[in-house]
Amino acid sequence: MSVTFDFRGRHVFVAGGTSGINLGVAHAFARCGARVSVLSRSQDKVDAAVDALKQHGGDAIGFAADVRDYAGTEAALKGAQARFGNIDVLISGAAGNFPAPALGISSNGFRAVVEIDLLGTFHVLRAAHPLLTKPGASIINISAPQAFLAMEMQMHVCAAKAGVDMVTRVGALEWAAQGVRVNSVVPGPIDDTEGMARLAPTPALRQATLESVPMQRYGTKQDIANACLWLASEAASYVNGAVIPVDGGWSLGGAISMGSNMRKLLASGAP
Ligand code: NAP
Ligand code: COA
């Protein structure tokens, strides 16, 4: 289901907005009339996303940058502001993940995920803050159930996303007086995404994941986009510091099984 909101004339910046869930969010805002900026590492992905976003009839711009690099991230945000004006909606969703037991994660592997997800989120919010519309801006961090559910094979992601939700909460406290709201959206297992391709790579794991969702279905990118549209709208003007699962009830417990299923798959010797 697609929800209609009016974001004409608004500037929406999506960090990590060139594929998967975040690109779905960017498309939803573009469909509602927003001017959309996206950032990710790959110039090819950036170019393809910008072309696709322009198909909705509005304008879009993209930047190739790594959120681990503060200067590059800041330059992208400033470039976006120079083109489309102050940022009304800031989505921070760049992330990295791979399944591995704690003892199979090197120092560099742990660092890579924490630096993309957590440090990257700090960089995006820190560099964007002077460029936000005040009052009125809405910041949405894309989190994960790993932020509050201990999951096997995910020590790095659990640590990083728990930090992301604390960035949300402290930002919500510090910036509320300026009229800037900060919230997290926590997707469940979303169909046709890189994340699920990595965490449920076989038909059996895919089926087990589906059965672990109380609503017995995968989420869609539109499900997450709908939550972001609402959070960024006037309809959510009193929602601040919230961590909102959009997951069919998965984070009530079922999500935990994904880690142990992954461990059993690797133990079975499957590729
Ligand atoms: P995805 O398609 O791989 O999206 C990740 C995006 O981040 C891509 O645009 C990627 O583009 C960009 N990115 C990665 N590292 C980056 C870096 N260092 N600097 C800048 N950009 C970077 O994955 P997805 O599965 O849709 O996940 C999107 C978000 O949803 C993530 O925050 C993830 O944790 C969250 N989530 C996903 C699921 C799920 O079911 N898939 C569930 C819960 C939460 P480049 O490769 O060009 O950099
Ligand atoms: N198991 C264990 N360690 C792994 C791994 C795996 N499956 N995949 C990568 N690593 C390790 C690497 O070996 C390396 O550690 P080392 O230097 O000690 O060998 C470390 O992680 C960093 O890998 P590298 O490829 O150099 O990092 P990167 O910055 O280029 O990529 C990743 C970051 C690893 C997170 C990469 O998977 C990525 O870019 N992901 C983005 C897309 C994504 O994950 N989407 C889903 C989002 S939910």
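Before I look up any packing, I note that axes are lines fitted to C-alpha atoms, for helices over the stretch in contact, and that angles run from 0 to 180 degrees between N-to-C directions. Helices (H or I, at least four residues) and strands (E, at least two) are DSSP runs, numbered from the N terminus.

**Ground rules.** I am working with a predicted model, where local features need pLDDT of at least 70 and side-chain atom pairs count only at pLDDT 80 or more, while totals for chains, interfaces and linings use all residues. Residues are numbered from 1 along each chain as its sequence is written, chains are lettered from A and ligands numbered from 1 in the order in which they are written, and side-chain values use heavy atoms, with hydrogens and water left out.

**Helix 3 and helix 4.** I found helix 3 (residues 70–84) packing on helix 4 at an angle of about 45°, with the axes 9 Å apart. That makes helix 3 oblique to helix 4 (under 35 degrees counts as roughly parallel, over 145 as roughly antiparallel, 65 to 115 as roughly perpendicular and the rest as oblique). From helix 3, the contact (heavy atoms within 4.5 Å) uses Tyr70, Thr73, Glu74 and Leu77, and from helix 4 it uses His123, Val124, Arg126, Ala127 and Ala128.

**Helix 4 and helix 5.** Next I followed helix 4 (residues 107–128) to helix 5 (residues 155–175): their angle is about 15° and their axes are 8 Å apart. The two helices are therefore roughly parallel to each other. Among the residues making this contact are Phe110 and Leu118 of helix 4 and Val164 and Trp175 of helix 5.

**Ligand 1.** How many residues surround ligand 1? I noted 31 (each with a heavy atom within 4 Å), and the closest are Ser19, Ser40, Arg41, Asp66 and Thr193. I then looked up polar contacts (pairs of N or O atoms within 3.5 Å). A polar side-chain atom of Arg41 is 2.7 Å from an oxygen atom of the ligand. Polar backbone atoms also take part: one of Gly93 lies 2.9 Å from a ligand oxygen atom, and one of Ile190 lies 2.9 Å from a ligand oxygen atom.

Lys134 and Pro135 are joined by a cis peptide bond, with omega about 0°. I located Pro135 in the loop between helix 4 and strand 5 (138–142). Met153 is not a glycine, yet its phi is positive, about 65°. I placed Met153 in the loop between strand 5 and helix 5.

Conventions:
Polar contact = N/O pair within 3.5 Å; in protein donor to acceptor, adjacent residues only side chain to side chain.
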